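Here is a short report on one protein chain. Keep the structure open while you read, and find each residue as it is named.

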Amino acid sequence: MSLKVSNSSSKDDVQVGERLYLGMDFGTSGARFAIINKDGTILSEGKKEYPKFTINGLELKCPRKLKLLFLLCSKTEESIDWLRSWKVTLFSLLEAVPVNLRPLIASISIDGTSATTIIIDSNSGEPLWRPFLYNESCPDALPVVKSIAPANHTVCSGTSTLCKLVSWWNTEGENRESALLLHQADWLLWLLHGKLGLSDYNNALKVGYDPELESYPPWLLSQPYSQLLPSVQAPGTSIGYLKEGIRTEFGFPKDCVVCTGTTDSIAAFLAARATEPGKAVTSLGSTLAIKLLSTSRIEDARFGVYSHRLDDKWLVGGASNTGGAVLRQIFTDEQLEKLSEHIDPMEVSPLDYYPLQVVGERFPVADPKMVPRLHPRPQSDVEYLHGILESIARIEAKGYSLLKDMGATQVDEVFTAGGGAKNEKWTKIRERVLGLPVSRAIQTEAAYGAALLALKGAQAQHNEQ
């Protein structure tokens with residue numbers, strides 16, 4: 001179990017009486033932590049890959065029927081004991097917090113992958129089913145969900161939390177009365193504070209919670225499985241104190257509070273500190289995702305567009321299937337770096353591509369049959385890369401244009417996160433195509449955003465006292 005930790009503090013750096021704030025990010029392949037002070041300065045951070053425990057060990061304290069179900073799962077990923085993996089990682093991160101900083105931690109918050117769903121027993125907290133992962137689709141439940149939800153609602157997607165809940169409800173005949181739904185971040189936070197049934201309105205969005213009305217809608221509450229839904233609070237709300245056993249074991253203070261979390265993508269946006277309407281973050285990772293802070297709420301499942309509430313504003317977003325994964329199919333990292341050096345970003349590429357790994361696009365064009373377009377390929381690899389980078393920039397521009405057409409605040413500045421943020425030539429191309437200032441976000445780690453939520457929760461509790 002490898003854990004990488006970097007510390008930018010010593011005993012002399014931390015002032016007497018200073019309070020610190022711990023954020024943890026549980027992403028798709030691993031977890032990170034960040035510790036900040038009230039000014040947002042990072043004092044320590046670390047990361048760890050998830051250990052891959054298999055279900056064959058049968059170490060979950062769950063019914064024999066469930067253990068057999070795990071063993072019968074056909075997919076390799078489904079045979080991984082994710083709950084044990086996440087739990088071990090959580091406590092590994094707590095152990096990695098520098099001993100001299102632990103007594104100063106005032107609050108903790110966690111982000112998790114959106115729509116990762118866990119069904120547990122509301123009395124014992126034991127799992128009643130294997131976790132539904134963030135990218136898992138339940139097409140069997142989609143017709144049912146579409147029949148009860150408003151047209152083009154966020155839940156009208158096979159990967160939504162509500163589809164996962166309905167799929168479980170229709171499959172499992174037992175344990176319905178005592179069941180409870182939690183998201184990944186909710187479950188991890190429960191391990192710290194011990195209060196079952198709490199969530200935040202970012203994680204609860206894809207199960208149907210309406211953050212504008214601050215309630216579940218009547219069409220959802222009328223369903224028999226609504227009894228499984230957790231109560232919802234704003235992200236960064238103080239829930240309660242850290243459990244005594246954990247506090248004693250690791251040396252955290254008596255008044256260390258645990259705060260509601262958020263999703264990993266929201267936490268990454270918070271990390272960029274884009275706090276004004278019109279500010280946006282484009283994530284250039286394996287795929288291209290854009291998030292824009294808007295005064296208006298936009299929802300349309302046909303384009304994969306939905307809005308998360310951020311206090312009194314809305315974070316409008318969409319994700320395209322184009323991005324860095326396509327580039328890595330064609331070029332090595334070394335080639336990307338060397339070829340980019342010879343690109344003139346002020347020159348318009350005449351090549352018009354739609355770079356996709358496989359057939360299908362989500363946003364800004366919703367077309368499951370869209371075919372990748374990466375030809376004709378010029379003799380020059382520099383020209384080819386230039387054409388691909390510019391084509392991805394055009395897709396990004398179409399995305400922001402679509403959000404504006406749907407009623408969102410017009411974007412006026414873009415911060416960049418993800419691996420593509422390092423490519424300066426690509427940044428210049430995007431500035432030209434978007435017609436906007438584009439810069440690399442100073443902070444991009446979701447753990448930093450989670451730490452900001454912990455800070456927010458601690459400050460709110462202090463003001464109430």
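Start with helix α8. Its buried residues are D264, I266, A267, F269 and A271. Bear in mind that the model is a predicted one.

Two packed helices are described by an angle and a distance, both taken from their axes. Helix α8 covers residues 264-271, and its partner here, helix α13, covers residues 446-464. Their axes lie 7 Å apart, at an angle of about 80°. The helices α8 and α13 are therefore roughly perpendicular to each other.

Which residues make the contact? On the α8 side they are D264, A267, A268, L270 and A271. On the α13 side they are A446, Y448, G449, A450, L452 and L453. Sorted by type, the residues of this contact are nine nonpolar, one polar and one charged. Look back at the buried residues of α8: D264, A267 and A271 are among them, and D264, A267 and A271 also take part in the contact with α13.

## Aromatic rings

A pair of aromatic rings is described by how far apart the centres are and by the angle of the planes. How many aromatic pairs does the structure hold? There are 10.

Take F91 and F250. Their ring centres are 6.2 Å apart and their planes meet at 20°, so the pair is stacked. F91 belongs to helix α2 (residues 82-96) and F250 to helix α7 (residues 244-250), so the pair ties together parts 159 residues apart in sequence.

Now take W169 and Y225. This aromatic pair is edge-to-face, with 5.9 Å from centre to centre and 70° between the planes. W169 is in helix α4, while Y225 is in the loop between α6 (218-221) and β9 (231-233). The pair links distant parts of the chain, 56 residues apart. Both W169 and Y225 are buried.

Ring pairs can also join up. F26, Y50, W82 and W86 are linked in this way into a cluster.

Charges meet rings too. The charged end of R176 sits over the ring of W169, 4.3 Å from its centre. Likewise, the charged end of R84 sits over the ring of F53, at 3.7 Å from the ring centre.

## Backbone details

Next, look at the backbone.

| Site | Feature | Value |
|---|---|---|
| F363 to P364 | cis peptide bond | omega about 5° |
| H375 to P376 | cis peptide bond | omega near 5° |
| A115 | positive phi, not a glycine | phi about 70° |
| D311 | positive phi, not a glycine | phi near 55° |

Where do the prolines sit? P364 is found in the loop between α10 (333-340) and α11 (381-405). P376 has its place in the loop between α10 and α11.

A115 lies in the loop between β5 (105-112) and β6 (117-121). At 2% relative accessibility, A115 counts as buried. D311 is in the loop between β15 (306-310) and β16 (313-320). D311 is partly exposed, with a relative accessible area of 44%.

## A strand residue and a loop residue

A289 lies in strand β14, which spans residues 288-294. Its relative accessibility is 23%, so A289 counts as partly exposed. Leaving out residues up to four places away in sequence, A289 touches V281, T282, S283, G318 and A319. From A289 to S320 there are 31 residues along the sequence, and 6.2 Å in space from C-alpha to C-alpha.

Finish with E177. This residue lies in the loop between α4 (161-171) and β7 (179-183). Is E177 buried or exposed? E177 is exposed, with a relative accessible area of 79%. How far is the C-alpha atom of E177 from that of Q335? The two are separated by 57 Å, and they stand 158 residues apart along the chain.

How values were computed: Residues are numbered from 1 along each chain as its sequence is written. This is a predicted model: local features need pLDDT of at least 70, side-chain atom pairs count only at pLDDT 80 or more; totals for chains, interfaces and linings use all residues. Side-chain values use heavy atoms; hydrogens and water are left out. Axes are lines fitted to C-alpha atoms, for helices over the stretch in contact, and angles run from 0 to 180 degrees between N-to-C directions. Helices (H or I, at least four residues) and strands (E, at least two) are DSSP runs, numbered from the N terminus. Angles under 35 degrees count as roughly parallel, over 145 as roughly antiparallel, 65 to 115 as roughly perpendicular and the rest as oblique. Contact means heavy atoms within 4.5 Å. Ala, Val, Leu, Ile, Met, Phe, Trp, Tyr, Cys and Pro count as nonpolar, Asp, Glu, Lys and Arg as charged, and the others, Gly among them, as polar. Buried means under 20% relative accessible area, exposed over 50%, partly exposed in between (1.4 Å probe, protein chains only). Rings of Phe, Tyr and Trp (its six-membered ring) pair if their centres lie within 6.5 Å; planes under 30 degrees apart count as stacked, over 60 as edge-to-face and the rest as tilted. A charge sits over a ring if NZ of Lys or CZ of Arg is within 6 Å of the ring centre and within 35 degrees of the ring normal.
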